[in-house]
Amino acid sequence: MTSALYLHMPFCARKCAYCDFASWATPSGDPLMGAYERSLEAQLDEVASLGLLEGCETAYVGGGTPTLLGEKDLGSLVEKIMGAARPSELTCEANPDSLTDAVLLAVREAGATRLSIGVQSLDDDELFELGRLHDASCARECVTAAVASGLDVSVDLMCATPGQTGESWRCSLEGAAALGVGHVSVYPLQIEEGTPLDRRYADDPCAWNAPEVQAERMTQAQVELEADGYCRYEVASYAFPGKECRHNKVYWTGSPYLGLGTGASSMLDLAGYLRLSRACPQLPAAPSDARRVRLTVETPRRELAAEPRLSALSLSLEFLTEAQAVAEDLMLGARLVEGLRPELVSRASELFGTRFDDAVDVLLARGLLAEKNGRLAPTQQGWLLGNELYGALWDLAPAEVISGEC
């Protein structure tokens with residue numbers, strides 16, 4: 001019923017200066033983390049009994065900082081996922097400051113296949129500005145140990161950050177590649193409202209984060225990483241052949257997925273939504289024209305730790321019609337190097353008619369899309385002007401998305 005499973009750990013040793021994710025600073029060893037982890041194990045049993053994990057191919061434990069749970073609790077959760085969902089790919093997010101040798105051994109022995117490590121930079125001054133707890137030396141040691149463990153390893157790097165230069169960005173890119181990782185994700189810093197970084201630079205034009213700087217850094221990343229043998233397969237993702245993150249591709253190809261934990265999101269088809277409704281009587285009936293349902297867990301972490309039953313969850317919902325779902329798939333598919341699936345383009349043409357043809361003509365003329373190997377695919381310019389490309393495709397969706405909460 002779902003292709004992928006996501007579990008959210010809303011705990012961090014300290015909030016980074018740029019972070020507005022659903023995570024909270026939590027002391028190491030706080031019993032809340034263990035109670036929360038056990039609640040997620042109980043929820044895994046419940047969704048498995050509903051058949052919602054049938055067909056699950058990938059799983060991802062994200063955060064927050066999952067490695068803050070320690071070897072016992074994180075190892076137990078990974079083992080539980082493997083037993084309940086049996087995914088062939090299971091990724092754990094990690095931060096260098098909490099990825100100990102014991103945690104590394106525990107997740108590997110429990111069945112994890114990948115680690116995604118939040119390095120962000122290999123420059124100590126940049127890490128300090130971002131509010132990261134680790135330094136460059138710690139990051140290198142952590143990644144080296146992870147690679148040596150035999151797990152597939154990905155690192156995240158962030159560009160257009162305070163104090164970053166073209167040269168320091170090059171050093172981070174080359175330094176990450178030299179560690180032997182099979183996957184690198186690169187992201188421009190987004191200055192989110194209300195974060196410490198936003199307050200710190202409230203009266204600063206932040207020229208270092210300007211759109212043209214972001215574009216320059218992302219282009220530089222492509223040049224550097226492709227020179228090191230990585231292939232770009234998505235706007236922000238590079239990998240050696242066979243090392244792509246299959247879990248993330250689920251999000252970009254319209255396959256259903258299930259999210260558990262505070263702040264976690266799900267995307268279900270109607271059949272999956274009806275199965276979930278058996279355990280969640282609080283869920284409203286779907287509108288007659290709905291074909292896709294997006295859900296986000298709104299239950300705070302303490303309440304979830306105290307009461308794991310699905311029937312006790314608070315959720316926000318969005319119901320998408322078929323036309324809205326197709327427009328969403330077009331938007332998300334435009335992130336991928338391989339481009340839009342022919343069957344998706346054909347269905348969009350049927351649903352939207354000349355509006356779709358006209359939109360494609362405009363995007364082709366502007367150089368945001370191009371025909372590549374028989375598919376409509378994003379160009380380099382399309383990625384650099386992603387908001388314009390994605391917005392034009394999403395705007396094909398008629399009417400407003402129906403939303404609700406329960």
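Predicted model: local features only at pLDDT ≥ 70, side-chain atom pairs only at ≥ 80, totals over all residues.
**Helix packing and backbone exceptions**

Q: Are helix 12 and helix 16 roughly parallel or roughly antiparallel to each other?
A: Residues count from 1 along each chain as its sequence is written, and side-chain values use heavy atoms, without hydrogens and water. The axes of helix 12 (residues 322–333) and helix 16 (residues 386–394) come within 8 Å and cross at roughly 160°. Angles over 145 degrees count as roughly antiparallel, so these helices are roughly antiparallel.

Q: Which residues of helix 16 make the contact with helix 12?
A: From helix 12 come Gln-324, Ala-327, Glu-328, Leu-330 and Met-331. Contact means heavy atoms within 4.5 Å, and the partners on helix 16 are Tyr-390, Leu-393 and Trp-394.

Q: What is the omega of the peptide bond from Gly-63 to Gly-64?
A: Gly-64 sits in the loop between strand 4 (58–63) and helix 2 (70–85); helices (H or I, at least four residues) and strands (E, at least two) are DSSP runs, numbered from the N terminus. Most peptide bonds are trans. The bond from Gly-63 to Gly-64 is cis, with omega near 20°.

Q: Is Ala-160 buried or exposed?
A: Ala-160 is in the loop between strand 7 (152–159) and helix 6 (166–178), with a positive phi of about 60°. Its relative accessible area is 0%. Buried means under 20%, exposed over 50% and partly exposed in between, with a 1.4 Å probe and protein chains only, so Ala-160 is buried.

Q: What is the phi of Asn-373?
A: Asn-373 lies in the loop between strand 15 (369–372) and strand 16 (375–378), and is exposed at 76% relative accessibility. Although Asn-373 is not a glycine, its phi is positive, at about 55°.

Definitions and conventions: Axes fitted to C-alpha atoms, helices over the stretch in contact; angles between N-to-C directions. Parallel < 35°, antiparallel > 145°, perpendicular 65-115°, else oblique.
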